Amino acid sequence: MPLAARFAGSLLRSAARPGPPRRGIISGPPQQPLGPGESLVGFAAMFVACLGPAAWVLAHLEDYKKRE
């Protein structure tokens, strides 16, 4: 068997064989639901992380337009 075919066969064989099951991943609803305060903090953090840089650029747009 050529070397390339043997190498491809070993790659395919290892991909088809599943590994050990993952541990520590629990599916289903949370055991302790989040409260409104925790949800508010999470939403605020996501809002700032996603829209903060865009707001910064728009607020400083005139500074970026200046050519020195």
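## Exercises on a predicted model

**Exercise 1.** Is Val 57 buried, partly exposed or exposed?

*Solution.* Buried means under 20% relative accessible area, exposed over 50%, and partly exposed in between (1.4 Å probe, protein chains only). Val 57 has 38% relative accessibility, so Val 57 counts as partly exposed. Val 57 is part of helix α2; helices are DSSP runs of H or I with at least four residues, numbered from the N terminus.

The model is predicted: local features need pLDDT of at least 70, side-chain atom pairs count only at pLDDT 80 or more, and totals for chains, interfaces and linings use all residues. Residues are numbered from 1 along each chain as its sequence is written, and side-chain values use heavy atoms, leaving out hydrogens and water.

**Exercise 2.** Find which element has the lowest mean pLDDT and which the highest.

*Solution.* pLDDT is the predictor's confidence in each residue, from 0 to 100. The protein averages 82. Where pLDDT is low, the predicted coordinates should not be read in detail.

**Exercise 3.** Locate the salt bridge and classify the accessibility of Glu 62 and Lys 65.

*Solution.* A salt bridge is a side-chain nitrogen of Lys or Arg within 4 Å of a carboxyl oxygen of Asp or Glu. By this rule the count is one. The side chains of Glu 62 and Lys 65 form the bridge, at 3.8 Å from N to O. Both residues lie in helix α3, three residues apart, about one turn of the helix. Glu 62 is exposed because its relative accessible area is 52%; Lys 65, at 53%, also counts as exposed.

Key:
Helices (H or I, at least four residues) and strands (E, at least two) are DSSP runs, numbered from the N terminus.
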